[in-house]
Amino acid sequence: MPEMHFHIRWPDGRREACYSPSLIVKDFLAVGESYALDAFVEKTRTALTIASERVREKYGFACSSAMAQLARIETEAKQQDPGGLVTVETFES
């Protein structure tokens, strides 16, 4: 299963590399696009949940790394300006 990282810039300007066990993130996010914080969290929640389920289908267990990444995104989002934008900077496979 091809894994990837997606690099983002939070509303406060901080950059972060995020992990996905699947390329599904590319179906929900686009490089160079900026998303309202809530929309970004929802899109990554959906993508990482699908990615984790793909791992379950293939290996028989959910992807704990995908769920840990989602938890990290949700926690960080709570510390950001709710009106801010998250920018997707690059994809790395």
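In helix 2, the buried residues are Ala 66, Gln 69, Leu 70, Ile 73, Glu 76 and Ala 77. Seen down the axis of helix 2, these buried residues fall within an arc of 135°, so they line one face of the helix. Please keep in mind that this is a predicted model.

Why would residues spaced like that end up on one side? An α-helix has 3.6 residues a turn, so residues three or four places apart point the same way.

Now the other side of helix 2. The face turned away from the buried side carries the exposed residues Ser 64 and Lys 78. And what covers the buried residues of helix 2? The cover includes strand 1, strand 2, which is residues 15–20, and helix 1, which is residues 37–59.

A quick check on length. Helix 2 runs over residues 64–78, which makes 15 residues, and at 1.5 Å a residue it should span 21 Å. The C-alpha atoms at its ends are 21 Å apart, which agrees.

Next, helix 1. Take Ala 47, which lies in this helix. Is Ala 47 buried or exposed? Ala 47 has a relative accessible area of 1%, and buried means under 20%, so Ala 47 is buried. Leaving aside residues up to four places away in sequence, Ala 47 touches Ile 24, Val 25 and Phe 28. For a sense of distance, take Ala 47 and His 5: they are 42 residues apart in sequence, and their C-alpha atoms are 13 Å apart in space.

On to charged side chains. How many salt bridges does a search of the whole structure find? The search finds nine. I will go through some of them.

Start with Arg 45. The side chain of Arg 45 meets that of Glu 42 in a salt bridge, at 2.6 Å from N to O. Both residues are in helix 1, and being three residues apart, they are separated by about one helical turn. Arg 45 also meets Glu 74 in a salt bridge, this time at 2.9 Å, N to O. Glu 74 lies in helix 2 and Arg 45 in helix 1, so this pair ties together parts that are 29 residues apart in sequence.

How accessible are these three? Glu 42 is partly exposed, with a relative accessible area of 41%. Arg 45 is partly exposed too, at 30%. Glu 74 counts as partly exposed at 25% relative accessibility.

Further along helix 1 there is another pair. Glu 53 forms a salt bridge with Arg 56, and the closest N and O atoms are 3.2 Å apart. Glu 53 and Arg 56 are three residues apart in helix 1, so about one helical turn separates them. Glu 53 is partly exposed, with a relative accessible area of 33%, and Arg 56 counts as partly exposed at 39%. Elsewhere, salt bridges that share partners join Arg 14, Glu 16, Arg 72 and Glu 76 into one network.

Last, the surface. Which residues form a nonpolar patch there? Met 1, Tyr 59 and Phe 61 do, with about 320 Å² of accessible area together. Met 1 is found in the segment before strand 1, which covers residues 4–9. Met 1 is partly exposed, with a relative accessible area of 35%.

How values were computed: Residues are numbered from 1 along each chain as its sequence is written. This is a predicted model: local features need pLDDT of at least 70, side-chain atom pairs count only at pLDDT 80 or more; totals for chains, interfaces and linings use all residues. Side-chain values use heavy atoms; hydrogens and water are left out. Patches are made of residues with over 30% relative accessible area and no salt bridge: like charges are joined within 9 Å, nonpolar side chains (Val, Leu, Ile, Met, Phe, Trp, Tyr) within 5 Å. Accessible areas come from the Shrake-Rupley method with a 1.4 Å probe; for residues, only the protein chains shown count as cover. A salt bridge is a side-chain nitrogen of Lys or Arg within 4 Å of a carboxyl oxygen of Asp or Glu. Helices (H or I, at least four residues) and strands (E, at least two) are DSSP runs, numbered from the N terminus. Buried means under 20% relative accessible area, exposed over 50%, partly exposed in between (1.4 Å probe, protein chains only). The expected span of a helix is 1.5 Å times one less than its number of residues. The arc is that of the directions from the helix axis to the C-beta atoms. Contact means heavy atoms within 4.5 Å.
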